[in-house]
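Here is a short briefing on a protein model. Keep the sequence and the 3D view open as you read.

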Amino acid sequence: MARIRLHEISFTYEGASKPALLPISLDINDGEAFSLLGASGAGKTTLLNLLSGILRPTKGRVFFDDVDVTELPGRDRHLAQVFQFPVLYQSMNVAQNLSFPLKTRDASMSHADIHERVITIARELEIESILNRSANAISLFEKQLVAIGRALVRPDVSLVLLDEPLTAVEPSIKWRLRQTLKRVQEELGVTMIYVTHDQTEALTFAERVSVLADGQILQTGTPQAVYRNPAHQFVGHFLGSPGMNFLPLDAFPRSLRRTFSMDGDPDVIGFRPESAQLTAPSPELLVGKVDSQRILGTAQGRVVSIYGLRCGKEQVFVRSPASFAFGDEVGIALNHSVGFREALRVGGDGPE
Amino acid sequence: MAAMAQNKTKDNRAWLGVLPVMLIVAFSGVIPLMTVVNYSVQDILDFNTRFFVGFEWYRETLTDPRFIDAFLRQLGFSAAVLAIEIPLGILIARGMPTQGLRASLLLVLLATPLLIPWNVVGTIWQIYARSDIGLLGVTLNQLGFSFNYTAEPLHAWLTLLAMDIWHWTSLVALLAFAGLTSVPAACYQAAELDGASKWQVFRHVELPRLKGVLVIAVLLRLMDSFMIYTEPFVLTGGGPGNTTTFLSQYLATMAVGQFDLGPAAAFSVIYFLFILLFSWLFYTSVMRSEEDS
C-alpha cells in the first residue's frame, strides 16, 4: 500500500498545440478509495497513464510513499491496473492467471505461499469454484472478477488503477461488481484509483473524488461536499441528474438578491433540484411557470416529480411531491444555494 | 398430412435450382478425380486395351524404393521449410513497425516475392546461385566456399531451401503481422505491469492470439511445400542425381514422361490422401489442444 503524491505534474502530447494536462497536484492517502471523474477528453486517461508509467510527465514529479517514481517504468512501480474490458491470459486457467504476477517477479515466494495467496484472493472475490476453468470458458462478469483478482494478488501492490472497469459488464450485474469492488477495497485496504465518466460509480465507490475538465482538476473532496458545494459551475452541472440549476443574480427578487450579495458578491446562483420547495408564489420568492413534468416515482405514498419551470428566459428543474398543472405560477423557495462568480464558487457555505 | 405432402412436392423443385451447381462441380471436380481413381485400378496398354488390376498399382507404388525416397525427401523438405519459415515469419512480424510510412513500405516490400510467378522465382535463383555467373554463387566462391549446387546435393538442398524461404516467408510474416495488430494494447500493458518477461509476453499474450493465423500459415505452407514442383524443376531439375526429386516431380516423370497412366494415377491418389491426412492430423491436434486448455 502506498500514499500517492502528484506534484505539479503536467503533460503535453508530442506535436500537440495545447497540454492534455495542466499542472496538477494531488494527494491520495494510503488505503483510500479515490475516484477521478470527468467527461471523455478531460484528461483522465492521460493522468492514469502517468500514474501507471506508460507516459512520463512533461513537468512535475510522482511520488509513491515519498519515493520519487517519476522515471520508473510501470513494472517497477508495484501497481496493477484493471482495464475497460477483461484482460486475461487466454492460454491459462483462472488459477494460473491469478498466480502469474506472483511468479514473474518474486522468485523467493514459495509454491505453497503462492497457492495460499491465490486461494485468499479467490475467496475474497468469490471465484473459488472457477479456479480450474479455462480463462476462455467463463462469463464476462467472471472474467472481470479474475482481472481484478490478478490486480490484487500481489501482497506488495501499492496502487490499483481501475479504468472504467464496469464498461463491458452488462447493466444488470454492474451493481454486483461495484459492490464486490467496494467490499474488497475496504477489507484489503488497498489504495485504489477509480477512473470513470459515470457519476454514480464515482460517488458510490470513492471516499474522495476529483472532478476533471479540460486537463484540470476542478474540485477534490468527499462525494457529499463535491455534490452539495461544487467549486465550479461545471462540477455542479456535471454531477446530478438533472444537474444543478443556475440562474443569474438578477432573476431573483430584490430581497433575495441582497442576501446573496452579502456572501461573496456572486453573479450566478446555483441550486440542486432537490434543495428547493415549490409553494404559492410571493414577491419574496423566485417565481416560475410550470412547463414540464417528469414523474420519478413515489415516496411515502406521494408521487414525486421533477418539474421544469420557466423563470424569465431560463429554465430550472425542481423536485417536488406536490402536484401542479402546466402553466401554473409557483414560488420556488431555496433551502440551499451556492453562489458563483465567473463560474467559481464564492462565499462560505459550511466545510467542504 | 395432405398439406405436408403438398409441401414436399413443392420442395423437390429446389433440386432443379441446385442442379447447375451440381453439374459444374461434377464436370470440373468429381468426374476428373474419379477418372484418376478409375485409372489407378487398371492397366492401360492403349486406347482400347485395358485390364482391371485392383490395388496392384497401389501396392507397387508403396513398395517402390524411388517413391519411398522421394517421399522421405519431401517430408524432410516440408519439415525444414516449416521449421524455418514459421519462426522467421513471426520474428519479422514482431519487428515490424505498426504504423506510418515505414510500415506501408515494408508491407509492399514483403508482398513483392509473393507476386512473382513460381517459374520466374526458379529462374532467378537458377541464375543467382550459379557458381560461374550468378551473384550468390560467385560471391560464395570468392569468399572461399567451393559452392556448386549443380554438383553437390547439400548445396542443391540449401539453395532450394533458401529459395523457398525467400519466396514464402513473407506470407507467414504478413499473416502473423495481421494477427499481431489485433492484440489490444491493454494486453501488453497488463503484462508489463505484471512484470512479464519478453518471452512471457510472446508466449502468453501474443502466441494465443496468433494461433488462428498460424494454423492457416502452417496449413498453407505444409500443403504448398508438399506439392512443390515448378521451382525445383527449374532450379535443379531434381538433381544432382535424384537428390532433389520430390514427389510431384517423380509423378510428372511417370505420368507425362513415361505415360504410365495406371501407376501414376495410383501415385496421385496416394499423394492426395497423404496431404489430406497431414492437414487433418495437424488441424485436429491443434483444435483438440484448444478444447483441453
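The points below go from domains to cores, the sheet, the chain contact and some backbone details.

This is a predicted model, where local features need pLDDT of at least 70, side-chain atom pairs count only at pLDDT 80 or more, and totals for chains, interfaces and linings use all residues. Residues are numbered from 1 along each chain as its sequence is written, while chains are lettered from A and ligands numbered from 1 in the order in which they are written.

**Domains of chain A**
- Chain A is divided into domain 1 (4–233) and domain 2 (240–346); such bounds come from an automatic or database domain assignment.
- The C-alpha centres of domain 1 and domain 2 of chain A are 38 Å apart.
- Six residues of domain 1 of chain A touch 10 residues of domain 2 of chain A (contact means C-beta atoms, placed from the backbone, within 7 Å).

**Nonpolar cores**
- The largest nonpolar core holds 78 residues. A nonpolar core is a set of buried Ala, Val, Leu, Ile, Met, Phe, Trp, Tyr and Cys residues joined through C-beta atoms within 7 Å.
- A residue is buried with 20 or more other C-beta atoms within 10 Å of its own, exposed with 12 or fewer, and partly exposed in between; the C-beta atoms are placed from the backbone.
- A:Leu152, A:Val160, A:Ile193 and A:Tyr194 have the most contacts inside the largest core.
- Helix H4 (residues 140–152) of chain A gives the most to this core, with six residues. Helices (H or I, at least four residues) and strands (E, at least two) are DSSP runs, numbered from the N terminus.
- A second, separate core has 18 residues, including A:Phe252 and A:Leu278.

**The sheet in chain A**
- Six strands make an open sheet with mixed pairing, in the order E6-E7-E8-E3-E9-E10. Two strands pair if DSSP finds at least two bridges between them.
- Strand E6 (79–82) and strand E10 (216–221) of chain A are the edges, and each pairs on one side only.
- Strand E7 (residues 159–163) and strand E8 (residues 192–196) of chain A run parallel, joined by four bridges.
- A:Leu162 has A:Tyr194 in E8(A) as its bridge partner.
- H4(A) packs on the sheet, where H4(A) touches E6 and E7 of chain A. The direction of H4(A) makes about 170 degrees with that of E6(A); axes are lines fitted to C-alpha atoms, for helices over the stretch in contact, and angles run from 0 to 180 degrees between N-to-C directions.

**Where the chains meet**
- The contact takes 18 residues from chain A and 13 residues from chain B.
- The largest share of the chain A side, four residues, comes from H2(A).

**Chain B**
- Chain B has 13 helices and two strands.
- Of its 293 residues, 27% are buried.
- The C-alpha trace of chain B spans about 70 × 65 × 35 Å along its principal axes.

**Backbone details in chain A**
- A cis peptide bond joins A:Ser241 and A:Pro242, with omega about -5 degrees.
- A:Pro242 is in the loop between helix H8 (233–238) and strand E11 (245–248) of chain A.
- A:Glu164 is not a glycine, yet its phi is positive, near 45 degrees.
- Is A:Glu164 buried or exposed? A:Glu164 counts as buried because it has 20 C-beta neighbours inside 10 Å.
- A:Ala343 also has a positive phi, about 75 degrees, although A:Ala343 is not a glycine.
- With 16 other C-beta atoms within 10 Å, A:Ala343 is partly exposed.

Definitions and conventions: Contact = placed C-beta atoms within 7 Å.
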